[in-house]
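I opened my notebook to go through one structure, entry by entry. I wanted plain notes that I could check against the picture.

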Amino acid sequence: MRIALPLLLIVSLAGCAAVTPGYSPDTPAPDQAAKGPSMLKPFNGGSMVAGDRYAVSTEERALSCSKITGSMHVMMSRLRDSANRPKPGAATTAMQATAKPFIGAGANLDVSDEIKQTRARLKAYNDLLAEKKCKTLDIANA
């Protein structure tokens, strides 16, 4: 124990000394610094409306048929996966209910709302594909 503490201190300080003096990270070229980092713009999706329906946003309406179809395939695969997701245990549910007043909402362990929203979104996307005269998908088994 007597040797371990000084040894740990020496190793920690040696790590700090390993940094090259005068090092500074690469700076971007002046024309790129003005642009800032290249990031994607956030996508504004639709929302749930009365009657458990999904209202498609104008940005979603602008998507191509292949992008809509690809999104639908991802959603259908998530729905299939949700059937294999284990149900939360009684202890987990009780701990979340106990902690809710102190920490706020927390994670929703009940996935039925998420499944309902995904199914509504699938139907809205399928209707959008039909409206655009694209090939629709069979979402009955999703």
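**Entry 1: a crossing.** I began with two helices. Helix 4 and helix 6 cross in a left-handed way. I noted the rule: left-handed means the near helix is turned anticlockwise from the far one by less than a right angle, and right-handed means clockwise. I also noted that helices (H or I, at least four residues) and strands (E, at least two) are DSSP runs, numbered from the N terminus.

**Ground rules.** This is a predicted model, where local features need pLDDT of at least 70 and side-chain atom pairs count only at pLDDT 80 or more, while totals for chains, interfaces and linings use all residues. Residues are numbered from 1 along each chain as its sequence is written, and side-chain values use heavy atoms, with hydrogens and water left out.

**Entry 2: the angle.** I looked up how helix 4 and helix 6 pack. Their angle is about 155 degrees, and their axes are 10 Å apart. Therefore helix 4 is roughly antiparallel to helix 6. The classes are: under 35 degrees roughly parallel, over 145 roughly antiparallel, 65 to 115 roughly perpendicular, and the rest oblique. Axes are lines fitted to C-alpha atoms, for helices over the stretch in contact, and angles run from 0 to 180 degrees between N-to-C directions.

**Entry 3: who meets whom.** I listed some of the residues in contact (heavy atoms within 4.5 Å). Helix 4 brings residues including C65, I68, M72 and L79, and helix 6 brings residues including I115, R119, L122 and N126. The residues of this contact between helix 4 and helix 6 divide into eleven nonpolar, five polar and two charged. Here Ala, Val, Leu, Ile, Met, Phe, Trp, Tyr, Cys and Pro count as nonpolar, Asp, Glu, Lys and Arg as charged, and the others, Gly among them, as polar.

**Entry 4: the core.** Which residues of the largest nonpolar core touch the most other members? Among its 16 residues, they are Y54, I68, M72, L122 and Y125. Helix 4 (65-84) and helix 6 (112-131) each supply at least two residues of this core. Helix 6 gives the most, with six residues. A nonpolar core is a set of buried Ala, Val, Leu, Ile, Met, Phe, Trp, Tyr and Cys residues joined through side-chain atoms within 4.5 Å. Buried means under 20% relative accessible area, exposed over 50%, and partly exposed in between (1.4 Å probe, protein chains only).

**Entry 5: N126.** N126 lies in helix 6. Leaving out residues up to four places away in sequence, N126 touches M72, T136, L137 and I139.

**Entry 6: S66.** S66 is in helix 4. Its relative accessibility is 56%, so S66 counts as exposed. S66 and K135 are 69 residues apart in sequence, and their C-alpha atoms are 9.6 Å apart in space.

**Entry 7: two phi values.** Most residues other than glycine have a negative phi. I found D52 with a positive phi of about 55 degrees, although it is not a glycine. D52 sits in the loop between strand 1 (47-49) and strand 2 (53-55). D52 is partly exposed, at 48% relative accessibility. K133 is not a glycine either, and has a positive phi of about 60 degrees. K133 is in the segment after helix 6. K133 is exposed, with a relative accessible area of 74%.

**Entry 8: the whole chain.** I counted six helices and two strands in the protein chain. From the N terminus on, they run α-α-β-β-α-α-α-α. Of the 142 residues, 17% count as buried.
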